[in-house]
Amino acid sequence: MTRYYALIFLLGLQLSGCAYYFGNRWENRILTAEKGAEAPQERSMAQGPQIPGEEANPRHTLVDFFANKDLGEWGLHNKVDPPRVILAKLSRRQDIQEVNDWLMAKKPWGHAGSTWAGNKNGDYDFTMIGLAAVLMRFGPDTTLLYPQTAEHLARNLLLPPKNKPHTWTPRMLKGMKDTENHILMTNISAYFREVWLNMAYQEENEDKISEIEQFLQQYLNKMGRTGFFEFNADPYCGYTLTTLVILEEFAASDRLRQQTRLVLDQANWQLALGSLGLRRYPPFRRRRERASRPELDAHPHAAMMRAWMLKAEGLDVTTEAIPHARHQALIAHLGSYIPPFKVMAWIRETPREFAAAMGHGYHSSPEIYSGGPGWLLSAGGVERQKVDQLAARPTVLFLNDGATDLNQCFYLSSPNDPKTWNHTGVHERFAVTPGFLHVPDQYKPEVEAFGWEIYRPWKERNFRIAATTGPAFALLAVFPDWEGSGEALARALGNANPRDSLKSTFQFPEGKKYLYDLKARHDQWVITQINEYPANRKIDLWPRLELYYPK
């Protein structure tokens, strides 16, 4: 038995980050959001999809971009696009006969669940969830999806549910749980299959529907408490989000729809807090090889939010506005879900200064943010064991300057292997790492004095950035409303912070004092003390979201 589990472990490490749940102990350790940090829920517009009218420019709208595509190949190497092309074509009432004929000629090309050496034709659930959206959206309109096509889609192209809901990686003898996005895509596709067969053909399958719905309610309840396990994963959180958008629109019960909406609201609220103008660079889980990509605005969640915000404002969702992750944004655009008003308003313009910490549970990395109007400090996080599949990144200072590449930003990082990084040293207006400072070419110091560099990004504002480095540390401090000169700030910082002390202590002039351990273990927050109060350093036990507004 020991050899069996060792073999399963080794195989799991070869899954390109697809399957990783070894017991899922994390979910029993995490706490819910602190009181007052719950996601907003008030909507700014009536829910309902907005499809471009006939006058829309077919070269530019996102729907037409997909509607004018060929249906393409049917198989693993084109597992995502065909259902989205069908959604767009039928939304535009375009190529109806071709779409129906194409679907009637197809049969399942593979199996649901993660692809790996023992399940080479997996990933069919990526196709199924899009087909489920086609069925639920257009099945009632027999002029678009013909009755025989809808029946073929439901009975043959959507795989039936198994005896129990899908949770295990296929053909691994229950040695490893499947990933979050596969669990959701597979079970929600099976759910809509059974719902449609019951609704259209009065099949007596209520027990199957009830079993899947009960499983989904439990799973969503867990997500509501803990957040996404594959947090910030590119592209996987995009597939989880689009699956939830489809479920939110077509769920057969109000309770399931409301649960799904709450999970979406919470995810979008955390996106709002952890980005500036939808630019972000957070730690994440899965595919750590993507951690070094410098793009700040290419994340699928950001693309979906752009589509939602344009739709909420009654504007065309265009390809120019959505340069990345268009297949994810299309689902957001066509769906009925709209994020809460406060979430979208916060993304348009941060209304006030805030600090937020987001726990992701056992053996994970937190997200830590400090921000205000026009700026955001974003902690790079921490890596743990290889099997945890976490990716730590530089700690970044975002400014409202339109930067879309990491190298256009101030950031703190470390010169050694990212596996050794603990970049959790962020709190109010303050960030520190055991490494170096990067200053973008477009910014020159206003003052260099007393061991500090002072930057003033905007001449019309009293906003200052203070930076200093030493043999084993780099530090940034933000002063949103410093009314004195840059030289006065450098002098005040020099007087408050003897050089030898900066490797473990930082004192704001007439403000907070931070103590930190730049060699902290990877299960600990770098900051050890704030003023006279010991810090809560056990990052595995942090609540899902703690949000407060500095005075």
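1. Which residues lie nearest the centre of the largest cavity? They are F228, F231, N232, A267 and Q270, among the 15 residues that line this cavity. Helix 9 (236–250) and helix 10 (254–273) are the elements that give two or more residues to that lining. Helix 10 gives the most, with three residues. Here a cavity is a set of points on a 1 Å grid over the protein atoms alone where a 1.4 Å probe fits but cannot get out, and lining residues have an atom within 4 Å of a point. Helices (H or I, at least four residues) and strands (E, at least two) are DSSP runs, numbered from the N terminus.

2. This is a predicted model, in which local features need pLDDT of at least 70 and side-chain atom pairs count only at pLDDT 80 or more, while totals for chains, interfaces and linings use all residues. Residues are numbered from 1 along each chain as its sequence is written, and side-chain values use heavy atoms, with hydrogens and water left out.

3. Among contacts (heavy atoms within 4.5 Å) with a separation of 6 or more, 67% join residues 24 or more positions apart.

4. The count comes to three cavities of 30 Å³ or more. The largest cavity holds about 170 Å³ of space, a volume being the space filled by probe spheres set on grid points that are joined across faces, edges and corners. Its lining has seven nonpolar, five polar and three charged residues. In these classes Ala, Val, Leu, Ile, Met, Phe, Trp, Tyr, Cys and Pro are nonpolar, Asp, Glu, Lys and Arg are charged, and the others, Gly among them, are polar.

5. The second largest cavity holds about 60 Å³. Its lining includes R137, E249, F250 and G335. Helix 5 (124–138), helix 9 and helix 12 (326–334) each supply at least two lining residues, and the largest share, four residues, comes from helix 9. By class, this lining has seven nonpolar, one polar and two charged residues.

6. The largest pocket (an open set of points with protein on both sides within 12 Å along at least five of seven lines) holds about 730 Å³ of space. Of its 26 lining residues, K162, K164, P165, H166 and T167 lie nearest the centre. Helix 7 (180–201) and helix 8 (206–226) each supply at least two of the lining residues. The lining comprises twelve nonpolar, eight polar and six charged residues.

7. An open sheet of six strands has the order 10-11-16-15-14-13, with antiparallel pairing (two strands pair if DSSP finds at least two bridges between them). Strand 10 (426–427) and strand 13 (447–449) stand at the edges with a single partner strand each, so one side of each lacks a neighbour in the sheet. Three bridges join strand 13 to strand 14 (residues 452–455), and A449 stands opposite W452 in strand 14.

8. F450, in the loop between strand 13 and strand 14, has a positive phi of about 55° although it is not a glycine; at 41% relative accessibility, F450 counts as partly exposed. E510 also has a positive phi, near 55°, and counts as exposed at 87% relative accessibility. A cis peptide bond joins D234 and P235, with omega about 15°; P235 lies in the loop between helix 8 and helix 9.

Terms used. Buried < 20%, exposed > 50% of the residue type's maximum accessible area, 1.4 Å probe, protein only.
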